[in-house]
Amino acid sequence: MTTTIFEARKIITMNPSRPLATHVAVRDGRILGVGALDELAGWGPYSLNTRFAGKVLMPGLVEGHSHLMEGAFWRFVYCGFFDRTDPNGKVWPGAKSLEAVIQRLSRAQATLADAHAPLAGWGFDPIYFDNRRCVREDLDRVSATRPVGMIHASGHIINANSAALSAIGWLRSGIDHPGVPLGPDGMPTGELKGPEAMLAVAKVLGMDRAVLAGDEGALRLFSRLCVRAGVTTATDLASPLPREALPMLQAVTAQDAFPTRIVPLLRLMGSPAEAVERAVELRRQSTDRLRLGRIKMVADGSIQGFSARLRWPGYYNGAPNGLWYMAPEQMQQAMTLALQRGVQIHTHTNGDEATEAVLDGMEAALRAAPTPDHRFTLQHCQLADAAMFRRMKALGMCVNLFANHHFYWGDEHYRLTVGPERATRMNACATALASGVPFAIHSDAPITPLGPLFTAWCAMHRLTASGRVLGEQERIGVADALRAITLGAAYTLKLDAEIGSIECGKRADFCVLDDDPLAVPAMALKNLPVWGVVQDGRVFDAADLPTD
């Protein structure tokens, strides 16, 4: 057995009994110990690796809410408002108007040889364009013959042109579905909300999640983004996990050159009983770098897409209430069955009505199946108030808050979606901390870019894109923010015994930084350069990543 001792300028351990060190000893991908060199020498013969002597190590960052689609989407046309960095490090400029989006799609379609091949874009959001909704006639300008569509930044809405609607038989009047808005002509406008409405056209556009889940190239691209961001463990939160994709996921993640531990959560679609049994089956097939056996439920849509479920008084601009993706009764049934079978559930709730429904269901489920340390987790949970956090604490729940939302949509929430008062308490990290609710923070990549240090910066400063501080009272300090992207996120996944801190017995997962996140100016944290990662003791330099 070979022991390697890594020397660093500073090691931030997240272990309160030994918070700082200069050396860490690694054997067989696990941590033998952390401390001074003379202490670690007692483990026997070793090789001293000084590669990080000028660097700062902290626990490998844990992205507790992301999607492998972040890798797959880069084959489509980026239509987002903000600049975005791809897996190869190239920065793509944002499109600052609907006209700029149409022009970008038009340029892309001009390169396609097949006049009927679909063209798909991603990252679009009309809320930045005075909420002027994109309609099918806008995308008809790109092409009248090929299916054209783009998924919104939220992931909860797709816009489609006439050819795409025609391909699924929806270019007609008489459609009656809450996720299919109709125009004055009685025909679909081309905006499709929620999974039921989106699924058919997503298949036509080549954006079917079941297909993307088995995309080996997307998995590898996603892992590159992880290395660039300092992430050693990342979730794929809401994967269909088709059986035919599982051998690929197992094989690729097992390769020596694969740098990331992936934690996919099975998306609950259809029968709760079938999903719980499938999760139990998947759990038996877990490996070190592919952790299976958890479930993701989605209660509602997105706030900026006006498809989240809000309690009275609803949306600030008077928009009608959003959509239930699952009936509250169905969610309660799923939680009860999952508790009985020892399966953890994470549930997406954006609106406070959706959060309240899950809390009610969880209370009933725990009465039916009392379970200690279940760690059922609310994901996003953006509009929860103090009373809801107290209920989470009483029910033993965790929460993973969408801190990045403040920057990307905070201004729109303040002026349009929920208004000033509720906007200033969104993603209430300080309230979670004060209430004793275990919490993490996340990017929801590809909804916003993968980058936990930026996410920590967002939770610390709560700055919007225009520079407004959105709820000063909910800001947290740097130590709590760094814990939320390491040990906090690991706890929500029930992996805190293995990852999230640098201490004896845990996985040798480190984020390698050029500078000290505890010492740089607080405003500089989001731009702190990431050198790469150490994952299971294997070193991955971001500068050496392939760029094909």
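This is a predicted model: local features need pLDDT of at least 70, side-chain atom pairs count only at pLDDT 80 or more; totals for chains, interfaces and linings use all residues.

Trainee: What radius of gyration does the protein have, and what would a compact globule have?

Mentor: The radius of gyration is taken over C-alpha atoms, and the globule rule is 2.2 Å times the number of residues to the power 0.38. For 548 residues the rule gives a value near 24 Å, and the protein, with 23 Å, agrees with it. Along the principal axes, the C-alpha atoms fill a box of roughly 80 × 55 × 45 Å.

Trainee: In what order do the eight strands of the open sheet lie?

Mentor: Strands of a sheet pair through backbone hydrogen bonds, either parallel or antiparallel. Here two strands pair if DSSP finds at least two bridges between them. The order in this open sheet is β6-β14-β15-β16-β17-β18-β19-β20, with parallel pairing. Because β6 (61-63) and β20 (439-441) stand at the edges with a single partner strand each, one side of each is left without a neighbour in the sheet. From one strand to the next the twist averages 20°; axes are lines fitted to C-alpha atoms, for helices over the stretch in contact, and angles run from 0 to 180 degrees between N-to-C directions.

Trainee: Which helix packs on the sheet, touching β15 and β16?

Mentor: That is helix α10 (residues 272-283), whose direction makes about 160° with that of β15; contact means heavy atoms within 4.5 Å. Helix α11 (residues 328-341) lies across β16 and β17, running at about 160° to β17.

Trainee: What is the volume of the largest pocket, and which residues lie nearest its centre?

Mentor: Rolling a probe the size of a water molecule over the atoms shows where empty space is left. On a 1 Å grid over the protein atoms alone, a cavity is a set of points where a 1.4 Å probe fits but cannot get out, and a pocket is an open set with protein on both sides within 12 Å along at least five of seven lines; lining residues have an atom within 4 Å of a point. Grid points are joined across faces, edges and corners, and a volume is the space filled by probe spheres set on the points. The largest pocket holds about 840 Å³. Of its 47 lining residues, P195, R209, A238, R267 and M269 lie nearest the centre. Helix α6 (194-205) gives the most to this lining, with seven residues.

Trainee: How many cavities of 30 Å³ or more are there?

Mentor: There are four. The largest has about 120 Å³ of space, and its lining has 14 residues, with Y78, F82, R84, A153 and I447 nearest the centre. The second largest cavity has about 90 Å³; among its lining residues are H67, R209 and A238. Strand β14 supplies the largest share of that lining, three residues.

Terms used
Residues are numbered from 1 along each chain as its sequence is written. Side-chain values use heavy atoms; hydrogens and water are left out. Helices (H or I, at least four residues) and strands (E, at least two) are DSSP runs, numbered from the N terminus.
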